[in-house]
Amino acid sequence: YWVHTNMLTVNGQKMSKSLGNSFLPHELFSGSNHILSKGHSPMTVRFFMLQAHYRSTLDFGNEAMEASEKGFKRLMNALGLLDGLKASATTETDIAALTGRCYAAMNDDFNSPVLIAELFEASRIINSVHDGKLNIDADNLQLLKDLMQHFVLDVMGLQSEIVANDDLPKVMEMIVNL
């Protein structure tokens, strides 16, 4: 994801080393910079960048990063619920139309902010089906799974940050021994 340096701002002010409001990528992840209140995961940063059109100014700030973190988690939580959803005999949603709007956003000069808005609509549908407030038939459920797989994982390259680590007990044992 390429960003021209004249299009980066921090809290509304052009990012500049001379102004003291610049940071390096590793500082964005670790939070080891006076501008940032905390570090953010690489997936949160990717999601943050995708929320702005690639030709527009990208404004880094603590509030914007926090909002992106919440939005990313909301999207990933919905994605995690998909496999557990049960199909109904009837449907109250049109996933084909939603999929069409996602493709239209991508065909509109890779309009990722519009795509993300549509994916939040898909997340709302997933949560409603999960909560029993909305019915979805098997065909639309499969379309919804395909939509989320294609646009969230394949197109935007987002993935869950939850990683199983079988080595953790060994690491803890080593720390205790030390």
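Helices (H or I, at least four residues) and strands (E, at least two) are DSSP runs, numbered from the N terminus. Asn111 sits in the loop between H4 and H5. This is a predicted model: local features need pLDDT of at least 70, side-chain atom pairs count only at pLDDT 80 or more, and totals for chains, interfaces and linings use all residues. Residues are numbered from 1 along each chain as its sequence is written, and side-chain values use heavy atoms, with hydrogens and water left out.

**Confidence**
- The protein chain has a mean pLDDT (the predictor's confidence in each residue, from 0 to 100) of 89, and 93% of its residues reach 70 or more.
- Residues 1-6 have a pLDDT below 50.
- Where pLDDT is low, the predicted coordinates should not be read in detail.

**The loop residue**
- Asn111 is buried (under 20% relative accessible area; exposed is over 50%, partly exposed in between; 1.4 Å probe, protein chains only), with a value of 15%.
- Beyond neighbours within four places in sequence, Asn111 is in contact (heavy atoms within 4.5 Å) with His53, Ala105 and Met106.

**The nonpolar cores**
- A nonpolar core is a set of buried Ala, Val, Leu, Ile, Met, Phe, Trp, Tyr and Cys residues joined through side-chain atoms within 4.5 Å.
- The largest one has 33 residues; Leu75, Leu119, Met148 and Leu158 touch the most other members.
- H2 (42-50), H3 (62-81), H4 (95-107), H5 (112-130) and H6 (138-155) each supply at least two residues of this core.
- H5 gives the largest share, eight residues.
- Another core lies apart from it, with 14 residues, including Leu8 and Phe60.
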